[in-house]
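Hi everyone, thanks for coming along. Please have a look at the sequence and the structure on the screen, and then I'll walk you through a few places in it.

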Amino acid sequence: MTTTTVASNQSHLTAEEIAKLNKPGHDAKWWFGTVGTIVGMAAIVLYCILPFYWMIVSSLRLPTMGMSNDFLPNPPSVENFIAVFAPANNFGRALLNSILISTVTTVLTLLFGVLGAYSLARLRFPLKGLVLAVIIGCSMFPGITLLVPLLKMFSGFYPWFPNWMNTYQALIIPSLSFGLPLCVWNLTAYFRQLPVELEHSAMVDGCTPAQAFRLIIMPLAAPGVFTTAILVFIAVWNEFMIANTFGTTNDMFTAPVALNRFTGSLGFNTPFGTIMAAGVLITVPLIFMVLAFQRRIIGGLAAGALK
């Protein structure tokens with residue numbers, strides 16, 4: 001019965017279709033496309049990895065071999081990492097400042113951003129789309145345009161405003177202007193794809209609107225919140241312009257600012273190896289954090305696009 005059916009089906013095929021089925025599984029066009037894809041991906045990976053590889057190799061050279069072009073450190077040394085934490089560099093305090101400022105900024109961004117995004121996603125009021133557009137539009141202004149008015153304000157130029165130079169609030173509050181639009185935009189899309197019936201069901205069961213938000217919505221929105229927190233933390237951790245403008249003393253330097261002010265043994269030469277070692281200490285932890293949570297980051301970014 002089966003043989004008869006197969007023979008009957010083949011009888012309906014044209015000679016051209018039969019010849020196409022008898023061709024090898026992969027032709028030259030398929031192989032060309034596959035090889036081209038692999039080569040292209042390898043080129044992109046090398047383009048992204050080589051700068052980090054060179055930074056690590058340069059940090060493991062001897063301090064006197066800062067201008068070497070060898071692809072491997074010969075001999076390997078950790079002297080540059082020891083020099084990073086020399087008292088003159090004050091790099092340990094700079095790392096603590098970066099951790100504190102990045103953490104506080106991320107927490108404040110999530111606190112205000114989650115409330116703002118939830119309001120834009122759930123409440124109905126006139127010109128809601130315009131409000132969201134203004135929030136996003138504010139993030140498009142170059143950051144340098146904010147420095148002059150903020151510098152005049154924080155340096156005590158106005159009698160009605162205190163002097164905030166070399167204070168943590170001067171480094172944290174301006175950073176919110178960059179983190180909040182990102183947070184509101186990402187989480188607004190995320191909250192919109194959560195069914196409003198979940199909150200209605202919770203309130204029918206006796207929850208207040210605040211309890212429904214805290215007990216039902218927030219656990220479901222955790223991937224989006226987590227993703228936004230990582231992106232904001234990385235952005236603030238790498239921020240240089242604000243930190244370099246409003247933190248001018250050694251005790252208020254962040255890690256990027258302290259790295260920019262490294263000097264060599266003579267006070268004016270460039271310690272390439274020490275700078276590379278400090279770059280490894282600043283960058284590699286972020287890379288491992290992103291690699292460890294890459295699924296959450298991708299899932300959080302993609303979830304807001306689904307409805």
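**A loop, a buried residue and some helix pairs**

Let's start at Leu-123, which sits in the loop between α5 and α6 (128-138). When I say helix, I mean a DSSP run of H or I with at least four residues, while a strand is a run of E with at least two, and both are numbered from the N terminus. Before going on, please keep in mind that this is a predicted model, where local features need pLDDT of at least 70, side-chain atom pairs count only at pLDDT 80 or more, and totals for chains, interfaces and linings use all residues. Residues are numbered from 1 along each chain as its sequence is written, and side-chain values use heavy atoms, with hydrogens and water left out.

Leu-123 counts as partly exposed because its relative accessibility is 47%. The cut-offs are these: buried is under 20% relative accessible area, exposed is over 50%, and partly exposed is in between, using a 1.4 Å probe and protein chains only. Leaving aside residues up to four places away in sequence, Leu-123 touches Tyr-118 and Lys-128. Touching, or contact, means heavy atoms within 4.5 Å.

Now for another residue: is Asn-80 buried or exposed? Asn-80 is found in helix α4 (residues 79-84), and at 1% relative accessibility it counts as buried. Again not counting residues up to four places away in sequence, Asn-80 touches Ser-58, Ser-59, Arg-61, Leu-62, Pro-63, Gly-273, Thr-274 and Ala-277.

Next, the helix pairs. The axes of helix α5 (residues 91-122) and helix α11 (residues 222-237) come within 9 Å and cross at roughly 140°. An axis is a line fitted to C-alpha atoms, for helices over the stretch in contact, and angles run from 0 to 180 degrees between N-to-C directions. So α5 and α11 are oblique to each other. For the angle words, under 35 degrees is roughly parallel, over 145 is roughly antiparallel, 65 to 115 is roughly perpendicular, and the rest is oblique.

Which residues of α5 and α11 meet? From α5 they include Leu-95, Ile-99 and Val-114, and from α11 they include Val-225, Phe-233 and Trp-237. By class, the contact of α5 with α11 has 11 nonpolar, 7 polar and no charged residues. Here Ala, Val, Leu, Ile, Met, Phe, Trp, Tyr, Cys and Pro count as nonpolar, Asp, Glu, Lys and Arg as charged, and the others, Gly among them, as polar.

Helix α5 also has a contact with helix α10 (residues 209-220): their axes come within 13 Å and cross at roughly 90°. That makes α5 roughly perpendicular to α10. Val-114, Tyr-118 and Arg-122 in α5 meet Phe-213, Ile-217 and Met-218 in α10. Sorted by class, this contact of α5 with α10 has 5 nonpolar, no polar and 1 charged residues.

One more pair: the axes of helix α8 (residues 168-192) and α11 come within 10 Å, crossing at roughly 160°. Helices α8 and α11 are therefore roughly antiparallel to each other. Among the residues that meet are Leu-182 and Tyr-190 in α8, and Pro-223 and Leu-231 in α11. The contact of α8 with α11 divides into 9 nonpolar, 5 polar and no charged residues.

Finally, the whole chain. There are 15 helices and 0 strands in it, and of its 307 residues, 33% count as buried.
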